[in-house]
Amino acid sequence: MNKQEGQLTFVNGKRVNLMDNMYDFERTIEHQFDSFCKTVLRNQARNLYDENKRRNKILVSLELLTQSELCQLAICDIYESKYIHISVFDYDLPIEDVLIAQAIESLSKRKILFYYHSFSI
């Protein structure tokens, strides 16, 4: 049998304060939520740690590479506009240096082909 008198309730003949029960319920919910948040954060931290561990097994820092290993990673773009093209007997010879191109143009066509094939300009 329940009777309410303000904030007091009688349950089975016992006097129970509703505010205390409500406060205890709210504290229980807060503790459960707090525990849930801590569990989520702990699991996320563990996942991030494991992911970093997996990455560190695969990836290598560029600072740890030797000079020869860094040179293997380097890529140089080759642009056609960078070269001067000289045509000799249906051959198109790409020359990078302007001074060398001027010197080659002053040579005869046979000498140009000879030097080109001999030195792979």
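Visitor: Is lysine 82 buried or exposed, or something in between?

Guide: Buried means under 20% relative accessible area, exposed means over 50%, and partly exposed is in between (1.4 Å probe, protein chains only). Lysine 82 has 44% relative accessibility, so it counts as partly exposed. Keep in mind that this is a predicted model: local features need pLDDT of at least 70, side-chain atom pairs count only at pLDDT 80 or more, and totals for chains, interfaces and linings use all residues. Residues are numbered from 1 along each chain as its sequence is written, and side-chain values use heavy atoms, with hydrogens and water left out.

Visitor: Which residue meets lysine 82 in a salt bridge?

Guide: A salt bridge is a side-chain nitrogen of Lys or Arg within 4 Å of a carboxyl oxygen of Asp or Glu. Here the side chain of lysine 82 meets that of glutamate 96, at 3.4 Å from N to O. The pair links distant parts of the chain, 14 residues apart: lysine 82 sits in the loop between α2 (67-73) and β4, and glutamate 96 in the loop between β5 and α3. Those labels come from DSSP runs, numbered from the N terminus: helices are H or I with at least four residues, strands are E with at least two. Glutamate 96 is partly exposed too, because its relative accessibility is 46%.

Visitor: How many salt bridges does the structure hold?

Guide: Three. One of them joins arginine 55 to glutamate 51, with the closest N and O atoms 2.7 Å apart. These two are four residues apart in helix α1, so about one helical turn separates them. Another joins lysine 38 and aspartate 34, at 3.3 Å from N to O.

Visitor: How do strands β4 and β5 pair?

Guide: Two strands pair if DSSP finds at least two bridges between them. Strand β4 (residues 84-88) and strand β5 (residues 91-95) run antiparallel, with five bridges. Isoleucine 84, for instance, has isoleucine 95 in β5 as its bridge partner. The strands form a hairpin with two residues between them, and phenylalanine 89 in the turn has a positive phi of about 45°.

Visitor: And which residues make up the largest nonpolar core?

Guide: A nonpolar core is a set of buried Ala, Val, Leu, Ile, Met, Phe, Trp, Tyr and Cys residues joined through side-chain atoms within 4.5 Å. The largest one has seven residues: Ile86, Val88, Leu93, Ile95, Ala101, Ile104 and Leu113. The elements giving two or more residues to this core are β4, β5 and α3 (98-106).
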